[in-house]
Amino acid sequence: MAMLCTLNLFAQTTRTGKVNDEKGLPIQGVTVQVKGKTMTAKTNADGSFTINALPSDVLAFRSLGFESQEISVGNQNNLNVVLAQKVDVMEEVVVVGYGTMKKKDVTGSIASVGEKELKAMPVKDALQAMQGKVAGVDITSNQRPGTTGSITIRGVRSITADQGPLYVVDGMVLQAGGIDNINPSDIETIDVLKDASATAVYGSRGANGVVLVTTKQGKKGRLMLNYAGTATFEKMYDVTEYMDAAEWLDYARLAKFGTTTPDYAKDFSRWGSVAASWANIAKGWTNNNTVWDPSLVGNYDWADLGRKNALSTEHTLSVSGGGENSKGYGSFGYLKQDATQPGQKFNRYTSKVSFEATPTKWFTMGASINTFFSDQDYGYNFSKSVTGAGDYYSALRGMLPWTVPYDDNGNYLRNPAAGDINIINPINELEYNTNQRQTFGANGSFFSQLDFGQIYEPLKGLKYRVQFGPEFRYYRLGLANAAEGINGDGNNAVTYSTNRNLAWTLDNLIYYDRDFGTDHHLGITLLQSSSKYNSESSNMKATDVYSAEELWYNINSGGFIGSWGTGLSERQMESYMARVNYSYKDRYMLTAFVRWDGSSVLAPGHQWSSFPSVAASWRIDQENFMKDARFVNTLKLRLGAGIVGNAAIGPYQTKGLLTQNFYNWSATNSTPGYVASDPSAANPQKMANPELGWERTTQYNLGIDYGFLNNRISGALDMYKTKTNDLLLAMTLNSVLGYGATMANVGKTSGWGIDLQINTVNVKNDNFQWNTTLTWSKDKNKILELNNGRKEDLTNNWIVGQEIQVPYDVVYDGIWKTSEAEEAKKYGAKPGQIRVKDISGPDGVPDGKVDRNYDRQVLGSYRPKWSGGIMNTFTYKNFDLSFFIFSRWGQTINAGAATLDGRYMQRKLDYFIPGVHEDAEYYQPGSNGEAADPWNSSMNYRDGSFIKLRNVSLGYNFPKTKLQKLGISNFKVYAQIMNPAMLYSKVDFLDPDLASYNNNTTQAGSAITTRGAVIGVNIGF
């Protein structure tokens, strides 16, 4: 017996080990127990533990928020344990206005994007990371480096006021900018408040939804060093297919000569004046210029000069850690974003520092600062007039394929297309144009918090917090256009503009949060907030400086400064808020609050308004009658209603501004004077409106959160309805008053929508797991009332009963054929021209003629019928593979119309050729001279539906057991393909997923697209 005891004591040796999470971070406080025995231990700050155990024992590891795990001891003396985070959607903490809550206690509609989703694709800004990941949030894309797309949450409500959401970073409202320049690697989570019962906590500012960004903070544990780096290789691809030289000549002959039959004399007469360019056409004329062979026509590849392979890199280095009483985080990031066309690039430097200290148990203070500096070479764009190419590649693409940039002696040809003065050779424009945009920005969050319950026990749950959020942003634009270039056009012109934005928000908050017994929980939040925004601007232009090579640094060298000016804009807001959260038995939750906002931009006497909200939720899964429904893990019903406001107009718009007029006393003597308005001016000042107040939106939301089969299926479904009253609109006035319009609270809109998110764990075993996340949303809106009781405002295509953004025009009905000449004549048309539908007339029925007053109709909507994304992730041992598909469906885009004048470059079209090809989509070139067909606009509305494979990613996580020997906590390498395929598109000549910039405006759809490959690495020490 004694010998047996001795053997047991000898075998029961000391076992050591370390417990980390899936990211390689140590977990403190894990309970380690020998199963079936009383021996236990807990992990310390670096995740280490020590315990005595036999080889036959089993160690059980348990920690709140993590999946439990059991490991047989065997002959292991040093164990490395990785605990997976427990999947319990109701225990997740989400950020709400002025605080955080567990998801089980949330009553409003809130969606979250975590660090894992943000890192699923290498992105340049947070908006890109959110795209397709949040139901009800629609985000567009832009290809130019340093330029971001737009975002709308649950569609549009206002007709002319701003539709953008409110951004809140680390609890502080942003006034001077968005989140596009925050390094995505510094973001912990993004929470989106969607319904009014959630957004009304921000009052007027939450009218268009709220995006709450929580940046990374230090965590308790040992000091961690992390590096994340990517290299992205991109290449440009044409979506639009353009005519080659022979095809263009066939098209141009039909437009200019009325026939596609080649004629040497006519060709030479029209296009032979520039010998170097004519040489390409002459190659097609053989047998002493009597036989035309289109296969021999020469082509010059202008586009090749405007595209290049791009290499972009991004690096982020961060350090984080903390002890019992303090924690900190710091990072530095550098992004070098190259472009697939020369002349464009973007560099951004970011930094973040945060620190939080709790020197005593009743006092905490902290600070967080995000800064960035960006330098954008915008590249060439035509700015001399309203219409023109938006970038260098588009300018080159606009050149005729048979023309050349230089003559035989290498001399530059300014007008290579037979001397046409409107077709200017852009090949040297990168030398003649500089467009540089620099921005520096900083925003901070500083807070102090007193916990009175730690000072005096009866005050348990009572806290006071003061937080201050300053913002600074400085923007500088410099333009230099040399006289030799297209934009300079004979003058060395420069522009120097600056804009300095300074803003701050000061919040005073009182929290009371306490349990009463085991069934009741009460939370109270009181807020007083003040904020101010100040913007100073300056602008100088000179049209005849000595040299554009000096850029904007010697602007006084010009004999005439074209214009100069400075500006100041300020606004202030004062707010109060009271919120109550109550829950009973963790089963029934109620949130009610009211906020009062006062805005300086509105008229005195109408600056203050209140915005109430109430929401309730019921955790059905906690009811006794659900105990037998074991497949139900989560089932929560939510119902909410709230009112939000919108004062999204510029400062001083409620006041009457002055118009400067010059009074000429003689040919050489004039004096400036001021009048209230000049109704004959192009843009007359609006009349003051001392009654202008808030635009108010009421929203109702019904939602359900669910989780089934051990949360193998989980997600949320929301349905909502909105109504907006007192729209901020320009109301027309009779010009006899001396004014043409005034800003007023007139008009109403309504809307409804559905948001759906489904998360599934399709397969899960020891080595393999397949997860799917699906988001889908649909929204509709409608104008209920316009100003002055009008039923329609066709200047802006606003029609009562229709959506806010609709195309309204005549209806394309094909092309008139030769056999329909007599019928076409009745409508004032001829064969080869566009046929449109005769829809109505003065008596409400078709009248045998086409009249825009009666024959236009709504042709779709610029809002998609629905949008959605699906992410599939496969994990096998240490490998992970994922792909993301995004779709936007049913939206109309303005594209397709073409002026077939036979003069400018043209994409490949199916056009009418009399007697040869009459079943064509497009009209006969030249049928209306050099002007477009009278009904050409009817062809400019296309279905922009698409399904796109956005990303495919393959990654490998090196085993932690091997890494720890090298002092490395985590190491992942991955490769990705960006935008590998357009799976489906109803528009074959554009990428409808992207926006383009042409004719000095942003347009939906792009003639080019980019695809890329990414190599990335994440490593932690």
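## Rings, a helix and paired strands

Q: Over the ring of which residue does the charged end of R1011 sit?
A: The model is a predicted one, and the placement described here is computed from it. The charged end of R1011 lies 4.7 Å from the centre of the ring over which it sits, and that ring belongs to Y237.

Q: How far from the centre of the ring of F447 is the charged end of R465?
A: Here the arginine is R465, and its charged end sits over the ring of F447. The distance from the centre of that ring is 4.0 Å.

Q: Are the rings of W866 and W889 stacked or edge-to-face?
A: The aromatic pairs in the model come to 33. For W866 and W889 the ring centres are 5.9 Å apart and the planes stand at 10°. Since planes under 30 degrees apart count as stacked, the pair of W866 and W889 is stacked.

Q: How many residues apart in sequence are the parts that the pair of W866 and W889 ties together?
A: W866 belongs to strand β47 (residues 866-876), whereas W889 belongs to strand β48 (residues 879-889). W866 is partly exposed, with a relative accessible area of 27%, and W889 is partly exposed as well, at 22%.

Q: Which residue in the hairpin of β47 and β48 takes a positive phi?
A: β47 and β48 run antiparallel and are joined by 11 bridges, with S867 standing opposite R888 in β48. The hairpin has 2 residues between the strands, and a positive phi near 55° is found there at K877.

Q: Which residue of β52 stands opposite F886?
A: β48 is also joined to strand β52 (residues 946-957), by 10 bridges, and these strands run antiparallel. Opposite F886, the residue that stands in β52 is K948.

Q: What distance lies between the end C-alpha atoms of helix α5?
A: Helix α5 (residues 245-257) has 13 residues, and at 1.5 Å a residue it should span 18 Å.

Q: Which strands stand at the edges of the open sheet of 5 strands?
A: The order of the strands in this sheet is β10-β16-β17-β14-β15, and the pairing is mixed. A strand at the edge has a single partner strand, so one side of it is left without a neighbour in the sheet, and this applies to β10 (110-114) and β15 (172-173).

Q: What is the bridge partner of T189 in β17?
A: Strand β16 (residues 187-193) and strand β17 (residues 210-215) run antiparallel, with 6 bridges joining them. In β17, the bridge partner of T189 is T214.

Methods
Residues numbered from 1 in each chain as written. Predicted model: local features only at pLDDT ≥ 70, side-chain atom pairs only at ≥ 80, totals over all residues. Heavy atoms only, no water. Phe/Tyr/Trp six-rings, centres within 6.5 Å; stacked < 30°, edge-to-face > 60°. Helix = DSSP H or I, 4+ residues; strand = E, 2+ residues; numbered from the N terminus. Buried < 20%, exposed > 50% of the residue type's maximum accessible area, 1.4 Å probe, protein only. Lys NZ or Arg CZ within 6 Å of the ring centre and 35° of its normal. Expected span 1.5 Å × (residues − 1). Pairing = 2+ DSSP bridges.
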